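This note is meant to be read alongside the sequence and the 3D view. Please keep both open while working through the numbered points.

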Amino acid sequence: QGVLDVGISANVGNQTAKADGSFLSAIVAIGILAGLLTGSADAQFLNPVQTLSAEDGAVANLEGASSVALSPDGAHVYAAANSSNALLVFARDDTTGTLTGTQTLLDGEGGVDGLDGAESVVVSPDGKHVYVASLGDNAVAVFSRDGGTGALTFVEVLIQNQGGVLGLSGAFIIEISPDGNNVYVIPLFNDEIAVFARDDSTGELTFVETLVDGQSGVDGLSTAIGMAISPDGKHLYAASQGDSAVSLFSRNDITGELTFVE
């Protein structure tokens with residue numbers, strides 16, 4: 001009860017693994033649990049390397065860090081911080097994995113808008129753009145990305161009830177389709193999913209539709225707070241805390257529109 005998030009197993013090139021990712025996850029979980037119980041050194045899958053924290057003053061404007069995204073080339077990490085109304089950029093060492101802060105964008109500074117209560121960040125598959133869903137602004141902020149430095153430049157902001165945009169009241173979770181053609185947003189309020197078409201040249205978004213719990217046969221979106229898109233882009237899965245459910249939608253790979261399945 002109270003589903004918080006949902007993920008989907010990656011395509012690892014093995015048909016058995018793809019068909020039964022839950023089995024593989026269970027094996028890993030059992031291995032970790034066994035290691036914890038027995039104290040086995042073999043169970044140490046993760047080793048501490050670095051901690052970047054606002055609490056110890058190491059990184060400014062990271063208060064309320066709420067989401068993190070890695071660029072497709074692995075060169076940069078982007079972090080949204082809801083209490084700081086900020087989006088932070090880090091350069092990543094691909095050998096050690098350590099991060100170095102390179103840029104901080106703050107809501108209302110330098111022409112940047114749409115980062116009040118920044119909750120969720122995602123990088124487009126082509127690495128050209130970064131998108132942030134912000135609860136306080138009821139908005140999605142769009143940034144262009146320099147592929148070399150990782151630096152971001154503000155492009156636009158889409159706000160609830162402005163220019164015909166809907167589905168962003170308390171924008172909370174954001175995802176982008178594997179083909180990069182569409183952006184999907186789950187708001188914290190109104191039990192819905194908003195669909196946007198993406199211009200892969202400019203990064204700009206155009207509102208397409210919203211799907212609302214209890215309307216047009218849609219179910220399982222009460223207090224939806226998590227989602228994942230299948231690697232082939234054919235389906236979207238949403239996790240609903242209010243309904244204690246996972247709902248399935250088929251995706252039109254041309255328009256990005258969603259159809260409720262079950």
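**Notes on the structure**

1. Arg251 and Asp179 form a salt bridge, with their closest N and O atoms 3.1 Å apart. A salt bridge here is a side-chain nitrogen of Lys or Arg within 4 Å of a carboxyl oxygen of Asp or Glu. Arg251 belongs to strand E15 (residues 245–251), while Asp179 sits in the loop between strand E9 (171–176) and strand E10 (182–187), so the pair ties together parts that are 72 residues apart in sequence. Helices (H or I, at least four residues) and strands (E, at least two) are DSSP runs, numbered from the N terminus.

2. The model is predicted: local features need pLDDT of at least 70, side-chain atom pairs count only at pLDDT 80 or more, and totals for chains, interfaces and linings use all residues. Residues are numbered from 1 along each chain as its sequence is written, and side-chain values use heavy atoms, with hydrogens and water left out.

3. Buried means under 20% relative accessible area, exposed over 50%, and partly exposed in between (1.4 Å probe, protein chains only).

4. How many salt bridges does the rule give? The count is three. Another of them joins Arg198 to Asp126, and the closest N and O atoms are 3.1 Å apart. Arg198 lies in strand E11 (residues 192–198) and Asp126 in the loop between strand E5 (118–123) and strand E6 (129–134), so this pair also links parts that are 72 residues apart in sequence. Arg198 is buried at 9% relative accessibility, and Asp126 is partly exposed at 37%.

5. The remaining pair is Arg145 with Asp73, whose closest N and O atoms are 3.3 Å apart. Arg145 is in strand E7 (residues 139–145) and Asp73 is in the loop between strand E1 (65–70) and strand E2 (76–81), so parts 72 residues apart in sequence are tied together. Arg145 is buried, with a relative accessible area of 10%; Asp73 is partly exposed, with 46%. As background, side chains of opposite charge can pair when their charged atoms come close.

6. Strand E15 also holds Ser247, which is buried with a relative accessible area of 2%. A polar atom of the Ser247 side chain lies 3.5 Å from the backbone oxygen of Gly220. Leaving aside residues up to four places away in sequence, Ser247 touches several others, among them Asp219, Leu236, Tyr237 and Phe260. Contact means heavy atoms within 4.5 Å.

7. The second largest pocket holds about 290 Å³ of space. A pocket, on a 1 Å grid over the protein atoms alone, is an open set of points where a 1.4 Å probe fits, with protein on both sides within 12 Å along at least five of seven lines; lining residues have an atom within 4 Å of a point. The lining includes Gln50, Leu62, Val77 and Phe90. Elements E1 and E2 each give two or more residues to this lining, and the largest share, three residues, comes from E1. The lining divides into eight nonpolar, four polar and no charged residues. Ala, Val, Leu, Ile, Met, Phe, Trp, Tyr, Cys and Pro count as nonpolar, Asp, Glu, Lys and Arg as charged, and the others, Gly among them, as polar.

8. Overall, the protein chain has two helices and 16 strands. Buried residues make up 41% of its 262 residues.

Note on methods. A polar contact is a pair of N or O atoms within 3.5 Å; within protein, one must be able to donate a hydrogen and the other to accept it, and residues adjacent in sequence count only if both atoms are side-chain atoms. Grid points are joined across faces, edges and corners, and a volume is the space filled by probe spheres set on the points.
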